[in-house]
Amino acid sequence: MNKIIVSTFLIIISITTAQAQYKLGIGARLNYGYGLSVKYKMNNKEAVEGILYSRWQGVNLTGLYEIHKAAFQTPNWRWYYGIGGHVGFWRDGKRYGNPWFDNNDNHTVIGADGILGLEYTFREIPLNLSLDWKPAINLIGYQGVWLDDVAVTARIAIK
């Protein structure tokens, strides 16, 4: 019980000391699957983001380089765009709900990604929310263009 009280107290303290800008953001990315997003801001204009998510009984690992710019003339809103790459592993095609694979083989893919998004970082609490579109093209393995990746991400913003 004491651990719960101490943990709650530390969370409340961290929430009250949050600022609109952050150095590291860790959180959940929700789209067709679910995943983990880790964004590290190298400075006020550049960031790198790693995304690990599950889809069709497989996993996809994406790395992105992003450019951030002010939006709506406020420091809380930022829009961003960037490029990167991914590697993915899926198994058993249609049996696990993947409508594009017409066989029951395992698939490994390597490809390129883009990203375009808008984020809001709360000043009062350590929370960063973003909405983005991440088109991708598989170059090696099961080839194809993927334009359906729109996601909402919620990250804990660490100063």
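Select Ser54 and display its side chain, which reaches the backbone oxygen of Gly58 at 3.3 Å, a polar contact in the sense of N or O atoms within 3.5 Å, one able to donate a hydrogen and the other to accept it, with residues adjacent in sequence counting only if both atoms are side-chain atoms. The model is predicted, with local features needing pLDDT of at least 70 and side-chain atom pairs pLDDT 80 or more, while totals for chains, interfaces and linings use all residues. Residues are numbered from 1 along each chain as its sequence is written, and side-chain values use heavy atoms, leaving out hydrogens and water.

Ser54 is found in strand 3, residues 46–55, strands being DSSP runs of E of at least two residues, numbered from the N terminus. Beyond four places in sequence, Ser54 touches Gly33, Tyr34 and Val59, contact meaning heavy atoms within 4.5 Å.

Next, select Ile51, Tyr53, Leu64, Tyr80 and Ile115, the 5 residues of the largest nonpolar core, that is, buried Ala, Val, Leu, Ile, Met, Phe, Trp, Tyr and Cys residues joined through side-chain atoms within 4.5 Å, where buried means under 20% relative accessible area with a 1.4 Å probe, protein chains only.

Notes. Helices (H or I, at least four residues) and strands (E, at least two) are DSSP runs, numbered from the N terminus. Buried means under 20% relative accessible area, exposed over 50%, partly exposed in between (1.4 Å probe, protein chains only).
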